[in-house]
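Thanks for asking me to look this one over. Here are a few notes to read alongside the model.

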Amino acid sequence: MDGYFPLETGRRRTLKAAIGCVGIGLHSGKRVSLTLRPAEAGAGIRFRRTDLGIEIPALYDHVVDTRLCTALGLAEAPEVRVGTVEHVMAALAGCGVDDAIVELDGPEVPILDGSAAPFVFLIDCTGLVAQAGLGLPEAIEVLRPVRVQEGEGPNAAWAMLEPTGGDRLEAALTIDFPGTAIGRQSLAAQISPREFRAELAEARTFTLAEEVARLRAAGLAQGGSLANAVVVDGPLVLNPGGLRQADEFVRHKLLDVVGDLALAGAPIRGRFSGHRSGHALNNRLLRTLFADPANWRAVPSFTLPQALPAAEYVATRQPAMAVA
């Protein structure tokens, strides 16, 4: 499996060949065809709406909605968007893919089984290849603590990035759903291809049974079922097969963190910690990090001795564009 371990240090990685799948959108309930395609060195991850002829960069400042998923869009064309990007982004980041086109013919990434594992399977089936050329910097190094919070007191939700001096993302998260089968769960992990696969990739999205009717009345979760989500009713897990891991809930939330932070545009070197953090706080955290150049620096490939200044990194990013 060529995608299992990162390839040559200092070389960007893309897919060896295109590979695809078909599924339904969790919130739209619509059938969608998705294809993962190789991209040139430095392209980063981009979502291509083949039905509209538009590409959207997978970047934090293109996030337009964080209600129960992370959705990307274009400020100049509000009708153009791609929803539920977090699981495929987590798979690409977790497997070490730097450059790829995520091509789809509808407004939402298919939910498949509700985890990142099917996307990891696709990546493994096609494999990875190291590319010549450095393209965008290899990593974003966190230089000083950055924290965002929602609410006050012990029940406040918060998320934080801190420097570590290490060469990868470390992540720790606590969730708390009192009075349910979820309860309070915590997990910490170093995000490497091996750890991502073993600890996070198979964890499925989840919801409370009492929320299902409300979500559907709001036009959300139209494609949700026990085949693609864990449903909790008080102390009970309604899925006939039960849980994949006893703490599958916090594992999935940490998977979401990996996917949301992948929208930095390059791997993050630092430590993420959070309590009851979700898509909205994860995105606010990135916006706060990049709001001040003193918070971070872009670190190029190990083949170069110096870091790239923040302003120069931002200038290398490609804008959204129409495609034929």
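1. A word on terms to begin with: a residue is called buried when its relative accessible area is under 20%. Please also keep in mind that this is a predicted model.

2. On confidence, the chain has a mean pLDDT of 88, with 88% of its residues at 70 or more. Residues 1–9 have a pLDDT below 50, and this stretch makes 24 contacts in the model beyond near neighbours in sequence. The pLDDT is also below 50 over residues 301–324, where the model shows 51 contacts beyond near neighbours in sequence. I would read both stretches with care.

3. Now to helix α2, which spans residues 117–126: because 7 of its 10 residues are buried, the helix is largely enclosed by the rest of the structure. The buried ones are A117, F119, V120, L122, I123, D124 and T126.

4. What do the buried residues of α2 pack against? Their partners are the strands β1 (12–15), β2 (19–24), β3 (31–38) and β10 (128–131), together with the helices α1 (86–94) and α3 (193–200).

5. The crossing of α5 past α6 is right-handed. On the α5 side, D256, V257, D260 and L261 take part, meeting H279, N282 and L286 of α6. Sorted by class, this contact holds 3 nonpolar, 2 polar and 2 charged residues.

Terms used: Residues numbered from 1 in each chain as written. Predicted model: local features only at pLDDT ≥ 70, side-chain atom pairs only at ≥ 80, totals over all residues. Heavy atoms only, no water. Left-handed = near helix turned anticlockwise from the far one by under 90°. Helix = DSSP H or I, 4+ residues; strand = E, 2+ residues; numbered from the N terminus. Contact = heavy atoms within 4.5 Å. Nonpolar A, V, L, I, M, F, W, Y, C, P; charged D, E, K, R; others polar. Buried < 20%, exposed > 50% of the residue type's maximum accessible area, 1.4 Å probe, protein only. pLDDT = per-residue confidence, 0-100.
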